[in-house]
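Dear colleague,

Please find below the structure that I am handing over to you, followed by an account of what was found in it. I would be glad if you kept it open while reading.

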Amino acid sequence: MSGPTVPVRIPTPLRSYTGASQVEAMGSTVIEVLDDLDRQFPGLKFRLIDEQGRLRKHMRIFVNTDVAIGLDQGLGPADTVTLMQALSGG
Amino acid sequence: MNPNDPASAGTLLIGTRKGVFWLTADGDRRNWTLHGPHYLGHVAQHVIQDPRDRRRILVGARTGHLGPTLFHTDDFGETWHEASTPPAFHAGEELERSLDAVFWLTPGHESQPGRWYAGGSPQGLFISDDGGDTWSPHDGWNNHPMWPTWCEWPIAQTPDGSMLHSINVDPRDPDHLLIGLSSGGVFESNDGGKDWHTLNRDVEAVFLPDPDADYGHDPHCVRMHPADPDRIYQQNHCGIYRMDRTGDPSVDRWIRIGDNMPTDIGDIGFPVELDPADPDRAWVFPMDGTDVWPRTSPGGEPAVYRTVDGGESWQRLTNGLPERGWPTVLRQAMTTDGSVAAGSDNLGVYCGTTSGEVWASTDAGDSWNCVAAHLPKIYSVEWAAPA
């Protein structure tokens with residue numbers, strides 16, 4: 001694993017894994033950061049990304065204030081990653 | 001009373017739309033203690049004990065829009081663990097399937113401790129050999145050349161969409177498996193799941209143009225009788241059926257025993273539950289399958305129906321049930337207990353309703369008591385003996 005270490009904001013449904021609303025993860029792309037998160041917090045990635053590598057429906061990943069253009073989007077040391085899950089439903 | 005108390009007759013494991021509950025009986029099943037919720041807010045589709053290692057309980061779960069997973073406990077929820085490798089299809093597979101829900105769980109054969117099966121939505125089959133901690137796709141089913149033809153596709157939101165359910169393991173032979181697909185039909189394997197064939201002869205499928213279709217049917221619940229595995233029951237979208245195996249699957253046929261139900265009630269429903277010792281005794285909970293399919297108690301009058309002669313006749317059981325009500329009972333939400341000798345007049349029968357009530361009978365259905373109410377929508381009710 002290489003690349004910058006960036007802050008990652010965690011939505012409430014995933015905090016049972018991280019125990020915190022914000023953690024740090026390393027990676028030069030969004031998917032590398034998710035891989036590092038899964039290494040630190042086993043099981044988290046599969047709740048967010050399906051077995052075919054697709055972001056699950058109603059999930060969003062932001063880099064700073066914009067929706068990530070793809071899981072291979074590059075990251076720099078000044079970036080912040082935010083994981084979001086819609087709370088639609090009853 | 002605590003679920004691990006040896007004085008307890010047992011505990012009902014209740015999976016709901018909003019988490020897991022335990023309902024523990026005292027020794028004579030008169031007083032019940034509600035425990036939980038565990039995993040509040042998570043969808044607990046199926047909660048079931050391992051009869052080979054009664055400490056272990058598995059929960060098939062999903063959570064909001066998060067991907068599906070599976071939890072297990074060995075101490076009635078004092079501590080929980082998430083499966084290290086939850087059920088999933090192979091990454092990079094040709095059909096690009098992604099598991100949306102773990103819908104059904106079945107412990108493996110007695111000779112295969114640690115073996116579990118899981119059915120999903122889409123209609124995949126998954127297998128674990130370590131008590132449900134790590135899972136693999138069952139390639140014999142998931143990669144069967146007929147899978148894209150037999151299986152309904154695409155899916156809708158479980159539990160209202162397509163799923164693989166009713167995984168039955170023949171107690172005489174671990175390689176003899178039956179599964180149900182909603183929709184798709186009943187399928188059988190005699191080689192541990194390497195190959196499969198259909199088992200739908202003479203089942204109606206009013207929604208298919210071919211009255212003699214080989215597949216595409218909609219079994220809601222399929223039960224192989226544990227004491228007589230040559231007898232199978234199914235509650236189907238199109239009625240209640242029984243099959244008595246001949247030894248030749250090519251001529252085995254289903255008989256619509258629901259034709260013996262009262263015509264004003266019909267024979268539509270989700271569950272069929274069997275007496276573990278008496279192949280002739282079974283229970284169903286009919287629902288309204290007319291018009292737009294309300295899936296409520298017919299006429300707003302909840303009733304269990306019991307047969308004691310393999311479906312040749314049915315008895316309406318309402319003593320203690322509400323005179324008016326509109327629930328139904330889903331396919332995993334009816335069970336019997338093992339706290340008395342099976343076949344006994346004191347066999348426990350239990351129903352969890354879509355309106356969050358648990359109804360208990362300790363006289364094989366003759367009378368009922370509401371032992372829990374105001375729970376979330378109940379998806380599954382299974383009996384667990386003290387560990």
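B:Val381 touches B:Leu12, B:Ile14, B:Ala333, B:Met334, B:Thr335, B:Tyr350, B:Cys351, B:Gly352 and B:Val358, where residues up to four places away in sequence are not counted, and two residues are taken to be in contact if their C-beta atoms, placed from the backbone, lie within 7 Å. B:Val381 is also, together with B:Ile14, B:Tyr350 and B:Cys351, among the residues that touch the most other members of the largest nonpolar core, which holds 96 residues. A nonpolar core here is a set of buried Ala, Val, Leu, Ile, Met, Phe, Trp, Tyr and Cys residues joined through C-beta atoms within 7 Å; a residue is buried if 20 or more other C-beta atoms lie within 10 Å of its own, exposed if 12 or fewer, and partly exposed in between, with C-beta atoms placed from the backbone. A second, separate core has 20 residues, including A:Ala25, A:Met59, A:Leu75 and A:Val81.

Please bear in mind that this is a predicted model, in which local features need pLDDT of at least 70 and side-chain atom pairs count only at pLDDT 80 or more, while totals for chains, interfaces and linings use all residues. Residues are numbered from 1 along each chain as its sequence is written, and chains are lettered from A and ligands numbered from 1 in the order in which they are written.

Chain B has 2 helices and 27 strands, these being DSSP runs numbered from the N terminus (helices: H or I, at least four residues; strands: E, at least two). Its radius of gyration is 19 Å, which agrees with the value near 21 Å that a compact globule of 387 residues would have; the radius is taken over C-alpha atoms, and the globule rule is 2.2 Å times the number of residues to the power 0.38. Of the 387 residues in chain B, 54% are buried.

One open sheet of chain B consists of 4 strands in the order 3-2-1-27, with antiparallel pairing, two strands being paired if DSSP finds at least two bridges between them. Its edges are strand 3 (32–38) and strand 27 (378–384), each of which pairs on one side only. Within chain B, strand 2 (residues 19–25) and strand 3 run antiparallel and are joined by 5 bridges, and B:Val20 has B:His38 in strand 3 as its bridge partner.

Elsewhere in chain B, strand 8 (residues 101–107) is mostly covered, with 6 of its 7 residues buried. Strand 8 of chain B is joined by 6 bridges to strand 9 (residues 116–121) of chain B, and the two run antiparallel; in strand 9, B:Ala118 is the bridge partner of B:Leu105.

Turning to chain A, its 3 helices and 5 strands follow the order β-α-β-α-α-β-β-β from the N terminus on. With 90 residues, a compact globule would have a radius of gyration near 12 Å, and the 12 Å of chain A agrees with this. Buried residues make up 24% of chain A.

As for how the chains meet, 14 residues of chain B are in contact with 18 residues of chain A. Strand 6 (residues 66–73) of chain B gives the most to the side of chain B that touches chain A, with 3 residues.

With best regards
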